[in-house]
Amino acid sequence: MKVTFPHMGNVYLAAKALLDGLGIDYVIPPKNNKEALDIGTLHSPEEMCLPFKLMIGNYVQAIQKGADTIIIVGSCGPCRFGEYCELQMNLMKNLGYDLNFIVIDYPKDIGIKELYRRISQVSSKSNRKTYEKLKALSNSLKVIRLIDEIEEAAHMFAGYERNKGDCKHILNECKEEASKCRTSKEMINLLIEYKEKIKHVPIDINKNPLKIAVIGEIYTVIESYTNFSIEDKLMGYGVSSHRGLTPSWWVKNALLSPLKINSLAIRRNAKKYLPLQIGGHAIECVGEAVTASKEGYDGAIQIFPMGCMPEIVSKSILPTISKDLDFPVMSLVVDDMTGEAGYITRIEAFIDLLERRRESVLFRC
Amino acid sequence: MYYLGVDVGSVSTDIVLLDEHMTVNEKIYLRTKGNPIKAVQDGFKILKNKYNQSEISAAGTTGSGRMIASAIIGGDAVKNEITAHATAALEFDEDVRTIIEIGGQDSKIIILNNGIVSDFAMNTVCAAGTGSFLDRQAERLDIPIEEFGDYALKAKSTVRIAGRCAVFAESDMIHKQQLGYNQPEIIRGLCDALVRNYLNNIGKGKTILSKVLFQGGVAANKGMKSAFENALGFEIYVPEHYNMMGAIGAAIIAKKTVKKVGRTNFRGFELAGSNIISKSFECEGCTNKCEVVKIYENNTVIGYFGDRCGKWSNKIVQSSNDLLA
């Protein structure tokens, strides 16, 4: 058995740590790239959302490297993501691949027994002792938490750094080095080291950079390939950015959701505009826009793939929030046809808008 | 002292020279024809004979080809079209509240409040209703594009054309023409359809307040202006240099930048004669496989674009810093 999994930002580092710890053979598909997208677009339904296409590309590229088992998370959710696993199973079968899909889903949807059975399909292949397996799991959670913390710090400090490009450089180097680690222990030590490094980047606390919240659909905000590395671009412009949706947020949210104590602040802030769960991460998007405005951010950028139902709903709510709270929000739609030039123009113009707004507000004081 | 502004758009490349009082001294309108480098060089050939390099105290670029243009001319400011258009409009009229800008490939709406941009939108995945579509229709009907608008004004009534998609709009126009409607009516119908599409698409959720400025190449079309006025119910204004506003904005922004920095990077008009070529290659450094463009001027590399990590584009920045040091 040689397992693989689709990409989503830095999740591959955690998956690598887990599978290394379990001693299971695996293939990491090449990072999302043009070729993966081309393969995905060729085989997927035309109007399907962008993440689906990239995932198909990931599978095919991993199979070329010898993978035969695919692990994905499902969600019997009310957005298209809930159907991804079934559609992808059929699609890959029709393409003539003989694969084993292991879909990890919430126990409330498939039952705890079924979840256990599915997990044991993987874990039974590991010859490690039970406590070693649990250790591998906790290590992998540690990895994702650390890399998310490093990323968040880098994005925030980018606006304050004294030497332009420091944060971006450290972050890229960190990811590069982490993917080379052989054991999860090594990776954790490396990440701790980089966390210290990023904390000690020379910053100028008197700077007052623009602060932008990145909100929207979870895959497209996390996976930098789909959003044309928007966070890197913002770092390049010397803008501090924050993104609430991270893989570690997702884990925490999933663990707390059975008790209904997940993302309380987000739901509270979203309540006035969107009181119902409509699927995907629409509540999070709306809630984060309100939170960002309250926390003194200058603006928010919403990103979502074309045809994403929950985000289309939040897109139509955002102008109201924008008006009520006097908080600029820009929506960007991405798909496999998006041209980067127009995209950059919008981001630059949005930053200009925020800068000019600030100048005139200061001017009036 | 003059300030140079270059707007390299999808369809046209506009070059302006502003004097100290921000009045347009020279304007050149060229078709880009898929070759932005050549268009800029052609423009410089005209300027070369009239002006001296020392007379230019700032140069700015804008438009979708702003990066490449800036690299070859040595721009002081590289600004996006939205900010450039807003800057130019405000220079001419401080009271403007809304800017409607329709160019070759894209259309924009810019909302201003107290002289600052408060909101904007650009067409996303569809180019229906932009200049190139009108261009194509004019060509199909064998009417010079300059007279296209006058035809619309001749119409006594209008024909409803489906304007959501350029391809379907064309089939609908052909259908109406085969039914026997006359050309002016169809053209007016087309203008109405494009305005409807603009207001429902780009203008969605935006409050359009007077005073409205209509700029971009399509503003030359009187039919479009009158269709906008009918739809909005008030007069809209087309500035004198409507098709040069981007370039004017770039020149104004460049002037401000030079004031701050204290010197200009402008490389002179001589490049009109140099041999500028661009080559592209796929970077093999990582799985991103960026398509990198390399620009040579007389066999020396003057710029790199298209890489995400900055491995190539930073090279030039570094070497120019070395030169200054």
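A cavity is here a set of points, on a 1 Å grid over the protein atoms alone, where a 1.4 Å probe fits but cannot get out, and its lining residues have an atom within 4 Å of a point. Grid points are joined across faces, edges and corners, and a volume is the space filled by probe spheres set on the points. By this rule the predicted model holds two cavities of 30 Å³ or more.

This is a predicted model, in which local features need pLDDT of at least 70 and side-chain atom pairs count only at pLDDT 80 or more, while totals for chains, interfaces and linings use all residues. Residues are numbered from 1 along each chain as its sequence is written, chains are lettered from A in the order in which they are written, and side-chain values use heavy atoms, with hydrogens and water left out.

Two or more lining residues come from each of helix H16 (340-364) of chain A, helix H3 (81-92) of chain B and strand S8 (116-122) of chain B. Helices (H or I, at least four residues) and strands (E, at least two) are DSSP runs, numbered from the N terminus. H3(B) provides the largest share of this lining, five residues. Sorted by class, the lining has nine nonpolar, three polar and two charged residues. In this sorting, Ala, Val, Leu, Ile, Met, Phe, Trp, Tyr, Cys and Pro count as nonpolar, Asp, Glu, Lys and Arg as charged, and the others, Gly among them, as polar.

The second largest cavity has a volume of about 60 Å³. Among the residues that line it are A:Asp148, A:Glu151, A:His155, A:Glu231 and A:Arg243. Helix H7 (130-157) and strand S5 (240-243) of chain A each give at least two residues to this lining, and H7(A) gives the most, with four residues. The class count is no nonpolar, four polar and five charged residues. Domain 2 (130-206) and domain 3 (209-365) of chain A each supply at least three residues of the lining; domain bounds come from an automatic or database domain assignment.

## Interfaces

The size of an interface is often given as the accessible area lost when the parts come together. Buried area is accordingly the accessible area (1.4 Å probe) that two parts lose on being put together, summed over both.

| Parts | Buried area | Share from carbon and sulfur atoms |
|---|---|---|
| chain B and chain A | about 2100 Å² | 50% |
| domain 1 of chain A and domain 2 of chain A | about 1400 Å² | 67% |
| domain 1 of chain B and domain 2 of chain B | about 570 Å² | 70% |

Between the chains, 25 residues of chain B are in contact with 25 residues of chain A, where contact means heavy atoms within 4.5 Å. B:Ile116, B:Phe120 and B:Arg308 supply 29% of the area that chain B buries against chain A, more than any other three residues. Four salt bridges are counted between chain B and chain A, a salt bridge being a side-chain nitrogen of Lys or Arg within 4 Å of a carboxyl oxygen of Asp or Glu. B:Glu282 and A:Lys34 form a salt bridge through their side chains (2.9 Å, N to O).

Chain A is assigned domain 1 (3-128), domain 2 (130-206) and domain 3 (209-365). The C-alpha centres of domain 1 and domain 2 of chain A are 25 Å apart, and the contact takes 14 residues from domain 1 and 17 residues from domain 2 of chain A. Zero salt bridges are found across this interface.

For chain B the assignment gives domain 1 (2-84 + 246-273), domain 2 (94-238) and domain 3 (277-324). The C-alpha centres of domain 1 and domain 2 of chain B lie 28 Å apart. Five residues of domain 1 of chain B are in contact with eight residues of domain 2 of chain B. One salt bridge is counted between these domains.

## Local features

A cis peptide bond, with omega about 20 degrees, joins B:Ser210 and B:Lys211. B:Lys211 is placed in the loop between helix H7 (183-201) and strand S9 (212-215) of chain B. B:Lys33, although not a glycine, has a positive phi of about 50 degrees; B:Lys33 lies in the loop between strand S3 (24-31) and helix H1 (36-48) of chain B.

Methods: 1 Å grid on protein atoms, 1.4 Å probe; cavity = no way out; pocket = protein on both sides within 12 Å on 5 of 7 lines; lining within 4 Å.
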